[in-house]
Amino acid sequence: MGRGRVTGLSVRDVRFPTSLARHGSDAMMHLLQENGAVSTPDLDCSALFQGFCKHPDPDYSAAYVVIHTDAPDGLKGYGLTFTLGKGTEVVVCAVNALSVHVVNKDLDEIICDFRGFYRQLTSDGQLRWIGPEKGAVHLATAAILNAVWDLWAKQEGKPLWKLLADMNPKQLVSCIDFRYITDALTEEEAYTILQNGLMGKKEREEQMLKYGYPAYTTSCAWLGYPDQQLKQLCTEALKDGWTRFKVKVGADLQDDIRRCRLIREMIGPENILMLDANQRWEVEEAIEWVTKLAEFKPLWIEEPTSPDDILGHATISKALAPLGIGVATGEQCHNRVVFKQLLQAQALSYVQVDSCRLGSVNENLSVLLMAKKFEIPVCPHAGGVGLCELVQHLIIFDYISISGSLENRMCEYVDHLHEHFKYPVVIKNASYLPPQAPGYSSEMKEDSIRKYQFPQGDVWQKLLSDPHTANIN
């Protein structure tokens, strides 16, 4: 029986004004203040905050895609890609440009040759010039494919992680584009990894259903938070059972030392601390800076330099290894090829896949399998609207069918904006409980879209008419 034909694709620009509360603030961009691009906020914590911020005023946003079908039950697929406000309209344009490859296709036609469909989206003869497989056009590809996977999982009546876990190795491999990575992972090697993962799979699935997948929190220590807020959030997190904490660093060394000492004293020596510089430093600067923070025993330094600098990451990784500090990166890795090179160069200790930066589930599968081959743990990035909802499926599947290990593995959790999703994440004992609703957990509440669609949503109409907030987007 046919699964239905795609009759239409719509996309909306949805933005949440998180910059007003400084959620998501991190380090870099000294030139922003010098050039007058932003004004210095009234902060208790650090006068340097705005001047050094890479993302000083992020409005967590999404290009939100809905795939419409002629299925008798009216089933729709929902997908998104994460953005920070300005620029979302560019991704929306890219989605519309790519929609010609989706509309009027049968879902059976897509999933029976998913690799071919992936290549069709990423190899458009003209659009690939503004990629290929990177930038706004690849973010748009992710949004569309996320909607396709959501639709498929719903038609099967399964949450996405379960759809993947129930697929046999041959089916899974057929979804992956191995172009440009066969020098690191062949199709045969991927099949063997998945075949080996069948052993103990049932027990691991039962373990996930009972205990969930371990998480860490980023919500306590955004760079823009004053000390009192930081202390309050850490205290509450500890009461809720959190044992893994990430701290944003990179604006000012002495301020970083003070904040890391404060947090380490609060969480104690037994809990895990990670650092995230969000691409703030030059290579040698990163080594020197993190060496001075080594006394606080961080597990890793995340994004110490440009995400495109494979050899720079390798140099940093080699220098910090004697200190017991790993290098983590991936949230802004364009595609599987960049991950391949990072792994081949021994440039990272933790792989941070992103459900919306890479080409959806298809490309993430290739990175999960390469990480398994290179024996590098996967700790997904999830700091953004909808990212927790989506990436939980990937990492739960990874444990059940690929990695089979929880050693040095955890998934990021950010406690923002979950209330806008129809099936928000469920955290218990600082762990992600596997979603039970069919689909990719990517469907947003219509009321939230109506309020936050840019610029016509109710919230934005009010903010843009207020002279105090009219310039936030």
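**Helix packing, a buried histidine and cysteines**

Q: At what angle do the axes of α2 and α5 cross?

A: The axes of helix α2 (residues 88-98) and helix α5 (residues 135-156) cross at roughly 65 degrees and come within 8 Å. Axes are lines fitted to C-alpha atoms, for helices over the stretch in contact, with angles from 0 to 180 degrees between N-to-C directions. Helices are DSSP runs (H or I, at least four residues) and strands likewise (E, at least two), numbered from the N terminus. This is a predicted model, where local features need pLDDT of at least 70, side-chain atom pairs count only at pLDDT 80 or more, and totals for chains, interfaces and linings use all residues. Residues are numbered from 1 along each chain as its sequence is written, and side-chain values use heavy atoms, with hydrogens and water left out.

Q: Which residues of α2 and α5 make the contact?

A: From α2, Val-90, Val-91, Ala-94, Val-95 and Leu-98; from α5, residues including Ala-136, Leu-139, Ala-140 and Ile-144. Contact means heavy atoms within 4.5 Å.

Q: Next, α12. Which of its residues are buried?

A: Val-283, Ala-286, Ile-287, Trp-289 and Val-290 are buried in helix α12 (residues 283-292). Buried means under 20% relative accessible area, exposed over 50%, partly exposed in between (1.4 Å probe, protein chains only).

Q: What do they pack against?

A: The buried residues of α12 pack against α11 (253-267), β7 (298-302) and α13 (310-320).

Q: What is Leu-253 in contact with?

A: Leu-253, found in helix α11, is in contact with Trp-289, Lys-292 and Leu-293, leaving aside neighbours within four places in sequence. Leu-253 counts as buried because its relative accessibility is 18%.

Q: And His-313, buried or exposed?

A: His-313 is buried, with a relative accessible area of 0%. This residue of helix α13 has a side chain that reaches the backbone oxygen of Asp-309 at 2.9 Å.

Q: What else does His-313 touch?

A: Not counting residues up to four places away in sequence, His-313 touches Pro-304, Val-327, Thr-329 and Leu-342, among others.

Q: Now cysteines. How many disulfides?

A: The count comes to zero disulfides, a disulfide being a pair of cysteine sulfur atoms within 2.5 Å.

Terms used
A polar contact is a pair of N or O atoms within 3.5 Å; within protein, one must be able to donate a hydrogen and the other to accept it, and residues adjacent in sequence count only if both atoms are side-chain atoms.
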